[in-house]
Amino acid sequence: MLILRCPYCGLNGEETELSPGGEAHLKRFGPGSDDASFEAYLFLRNNAKGVHFERWRHAYGCGKWFLAARDSATLEVYGTYPAQTSEPPADIFARIADRGRG
Amino acid sequence: MRRFSAFAIAREALRHHEGWGRTWAKRPPKARYDVIIVGAGGHGLATAYYLGRNFGITNVAILEKGWLGGGNTGRNTTIIRSNYLQDPSAAIYEKSRDLYETLSQDLNYNIMFSPRGVIMLAQTHHEVRGYKRTAHANSLQGVSTEWIEPDRVKELCPIMNIDGPRYPVLGGLWQARGGTARHDAVAWGLARACTDMGMDIIQKCEVTGIDRDGGRVTGVQTTQGPIACDKLGVVVAGHSGVLAQMAGFRLPLESVALQALVSEPIKPCMDVVVMANTVHGYMSQSDKGEMVIGGGTDGFNNYTQRGSFQHIEETLRALTETFPMISRLKMLRQWGGIVDVTGDRSPILSKTPVDGMFINCGWGTGGFKAIPGSGWGMAELIARGHSPLTEAFGLDRFREGRFIDESVAAGVAH
């Protein structure tokens, strides 16, 4: 079972406590943007096999949105971080670089 | 290829069955093909089969990173139906169901198509309205389905409890010519027919790169070396995003795990397929007597062919109310497959930004039923550049807002 630590309340939440929210760090394109950007924002996804940055909500806990870095090919979790970031923090990248060296 | 017939069985019986030969050939890849199909699952093999049968294109290789039919073709719950709401869906799924009717004869290989009938249960008033609407739409589309009342549901499937306190059966959408087929046999029969036409099926050959020259595909890099081609068809379900990335574009879909399970074998007790979308479960009985049960998808991206246990629990918990007798059944095994799900829950059969490269993906949780129809349309798309069956399923529909919205029509289960 997937277990993620909520960065706000610090609790380890099981998958049943959490709601998945899809790919993280999407750049929003709204009215006035060109068709290609709007399509990319609404529909196109990296769907990475490997490191995947994604949104989760601690639905049956504190109720807040947070972000997670997870490997979609191994189910390894590299860490979670608050949603108010435009890109993953450096320590997450360090953990991703360290993977497999355990 | 030696044809199967009653005469052939009698002849082989007299000589210790030594004359059957291989079902499909094992050959090393050639340096170049007219068409390369990536993915030797049902859809890839059907595409190759109809390229040869309908268009005479037989210089074709089908590349498979694992083994033939070892992906979702070998992992699904084998349900065949065509009771979709939207016109383009009804057209391609009904074409497919119709092709399944005679596929054993066409392939000279028994795929065990069993048109035993499919009931989609309505267990909420919302579903009653939805399925009545689908039945009306189907009658306009020439798809034979009907709305049936609860007593008819009980008559068709006596082991069902239709008075459940939480999810009473309020009726159902009945497709009498829906049913099941033997999933492995579909892959094996198509592979045999492809070999017979001189095509090469190359297993354990993973595509690692897509070669392009001036925006046009020229070949693929594989674990068995480079192979050149004029046209490339990518038919790899869950890994479509990975292949698209190799060709430099993204797709409007995400890959998630979908699970199924089977019980221990029991005596025949259920001769129809029942789908209960409200509780995310569907069930049929295999020829071996196992109850074949499918559940819902996980909500997060996953390539591991393993799903979360709570979905199995949820499916069984809900199904035991409608089928009380399965509460005492032991479950034999459970497995997962990676399904590629689009936003409108409809597939993509399309040209791509790379000239000469075509993609067939996004079948999500319901690809098995579509294998012959998808192959028929995809072959026409590759051979002619357009097909009436596939034109509504292009990649451009997302940008243009022409969704084929089946997520409401079909609920979650397929």
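**A buried glycine and its surroundings**

Author: Gly307(B) sits in the loop between β15 and α9 (309-322) of chain B. Helices (H or I, at least four residues) and strands (E, at least two) are DSSP runs, numbered from the N terminus. This is a predicted model, in which local features need pLDDT of at least 70, side-chain atom pairs count only at pLDDT 80 or more, and totals for chains, interfaces and linings use all residues. Residues are numbered from 1 along each chain as its sequence is written, while chains are lettered from A and ligands numbered from 1 in the order in which they are written.

Reader: Is Gly307(B) buried or exposed?

Author: A residue is buried if 20 or more other C-beta atoms lie within 10 Å of its own, exposed if 12 or fewer, and partly exposed in between, with C-beta atoms placed from the backbone. Gly307(B) has 23 other C-beta atoms within 10 Å, and therefore it counts as buried.

Reader: How many residues of strand β12 of chain B are buried?

Author: Strand β12 of chain B covers residues 253-265 and is mostly covered. The number of buried residues in β12(B) is 11 of 13.

Reader: Which residue stands opposite Ala260(B) in β15(B)?

Author: Strand β15 (residues 290-301) of chain B is joined to β12(B) by 6 bridges, and the two run antiparallel. The residue opposite Ala260(B) in β15(B) is Gly294(B).

**Domains and helices of chain B**

Reader: How far apart do the C-alpha centres of domain 1 and domain 2 of chain B lie?

Author: Domain bounds come from an automatic or database domain assignment. For chain B it gives domain 1 (26-82 + 84-88 + 183-252 + 344-400) and domain 2 (118-181 + 254-342). The distance between their C-alpha centres is 28 Å.

Reader: Which elements give two or more residues to the side of domain 1 of chain B that touches domain 2 of chain B?

Author: In this contact 26 residues of domain 1 of chain B meet 27 residues of domain 2 of chain B. The elements on the domain 1 side are β3 (79-80), α7 (183-196) and α8 (240-246) of chain B.

Reader: At what angle do α2(B) and α7(B) pack?

Author: Two packed helices are described by the angle between their axes and the distance between the axes. Axes are lines fitted to C-alpha atoms, for helices over the stretch in contact, and angles run from 0 to 180 degrees between N-to-C directions. Helix α2 (residues 42-55) of chain B has its axis 9 Å from that of α7(B), and the angle is about 30°.

Reader: How do the residues of the contact of α2(B) with α7(B) divide by class?

Author: Ala, Val, Leu, Ile, Met, Phe, Trp, Tyr, Cys and Pro count as nonpolar, Asp, Glu, Lys and Arg as charged, and the others, Gly among them, as polar. Among the residues in contact are Leu45(B) and Tyr49(B) of α2(B), with Val186(B) and Leu190(B) of α7(B). The division is 10 nonpolar, 2 polar and no charged.

**Chain A**

Reader: What pattern does chain A follow along the sequence?

Author: Chain A has 2 helices and 6 strands. Read along the sequence, the pattern is β-β-β-α-β-β-β-α.

Reader: Which are the edge strands of the open sheet in chain A?

Author: This sheet has 4 strands in the order β3-β4-β5-β6, with antiparallel pairing. Each edge strand pairs on one side only, and the two are β3 (19-23) and β6 (77-82) of chain A.

Reader: Which elements of chain A give two or more residues to the side that touches chain B?

Author: The contact takes 18 residues from chain A and 20 residues from chain B. On the chain A side, the elements are α1 (35-42) and β4 (51-57).

Definitions and conventions: Two residues are in contact if their C-beta atoms, placed from the backbone, lie within 7 Å. Two strands pair if DSSP finds at least two bridges between them.
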